[in-house]
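Please keep the sequence and the three-dimensional view at hand while reading.

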Amino acid sequence: MSDDVQALQKRLAAFAAARDWEQYHTPKNLAAALSVEAAELVEIFQWLTPEESARIMAEPDAANRVTDEVADVLSYLLQFCSAVGVDPLAALAAKIERNEKRFPAPQDPEPGEGR
């Protein structure tokens, strides 16, 4: 696992420990909190057109909200991974590899084989 990810996980654990929150950071509670934070991210985009959603980061207040929700989602995901012993970067790499096999990219035709 990346040193950066481990450092963030340790910082999150220390933050929770300093407030005696570890008792609440069960896999079930962390998964629920992750779901809530992801829903709050979705809420920002809920009624926007595709064009408006593509420009959201150009609007400072909206960009700050998006950035905060991304941080919340990542925070709970990293805490969940710590609670259940999943290396998030290894899990992602393995998933990408499975998806590359499951959904191969279209092959370009050989020269001389028309399209």
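Against which helices do the buried residues of α4 pack? The model under discussion is predicted, and in it the buried residues of α4 pack against α1, which covers residues 3-18, against α2, which covers residues 27-45, and against α5. The residues of α4 that are buried are Ala62, Ala63, Val66, Glu69, Val73, Ser75, Leu78, Gln79 and Cys81. Helix α4 itself runs over residues 60-84 and has 25 residues. From its first C-alpha to its last it reaches 36 Å, close to the 36 Å expected at 1.5 Å a residue. Just after α4 comes Gly85, which takes a positive phi of about 75°.

Helix α2 may be considered next. Its end C-alpha atoms are 28 Å apart, which agrees with the 27 Å that its 19 residues should span at 1.5 Å a residue. The buried residues of α2 are Leu30, Ala33, Leu34, Glu37 and Ile44. Seen down the axis of α2, these buried residues fall within an arc of 105°, and therefore they line one face of the helix. The buried residues of α2 pack against α4. On the face of α2 turned away from its buried side are the exposed residues Lys28 and Val42.

Ala16 has its place in helix α1. Is Ala16 buried or exposed? Its relative accessible area is 3%, so Ala16 is buried, the cut-off for buried being under 20%. Leaving aside residues up to four places away in sequence, Ala16 touches Trp21, Glu22 and His25. Ala16 and Ser2 are 14 residues apart in sequence, and their C-alpha atoms are 21 Å apart in space.

The loop between α1 and α2 contains Asp20. Most residues other than glycine have a negative phi. Asp20, a residue other than glycine, has a positive phi near 60°. With a relative accessible area of 47%, Asp20 is partly exposed.

A pair of aromatic rings is described by the distance of the centres and the angle of the planes. How many aromatic pairs does the structure hold? It holds one. The ring centres of Phe15 and Trp21 are 5.6 Å apart and the ring planes stand at 70°, so the pair is edge-to-face; the angle required for that description is over 60 degrees. Phe15 counts as partly exposed, at 42% relative accessibility, and Trp21 is also partly exposed, with a relative accessible area of 36%. Phe15 has a further neighbour in Arg19, which lies over the face of the Phe15 ring at 3.5 Å from the ring centre.

Side chains of opposite charge can pair when their charged atoms come close. The count in this model comes to one salt bridge. Which residue forms a salt bridge with Lys101? The partner is Glu97, and the closest N and O atoms of the two are 3.6 Å apart. Both Lys101 and Glu97 lie in helix α5, residues 88-102, where they are four residues apart, about one turn of the helix. Lys101 counts as exposed because its relative accessibility is 63%, whereas Glu97, with a relative accessible area of 45%, is partly exposed.

Definitions and conventions
Residues numbered from 1 in each chain as written. Predicted model: local features only at pLDDT ≥ 70, side-chain atom pairs only at ≥ 80, totals over all residues. Heavy atoms only, no water. Phe/Tyr/Trp six-rings, centres within 6.5 Å; stacked < 30°, edge-to-face > 60°. Buried < 20%, exposed > 50% of the residue type's maximum accessible area, 1.4 Å probe, protein only. Lys NZ or Arg CZ within 6 Å of the ring centre and 35° of its normal. Salt bridge = Lys/Arg side-chain N within 4 Å of Asp/Glu carboxyl O. Helix = DSSP H or I, 4+ residues; strand = E, 2+ residues; numbered from the N terminus. Expected span 1.5 Å × (residues − 1). Contact = heavy atoms within 4.5 Å. Arc of directions from axis to C-beta.
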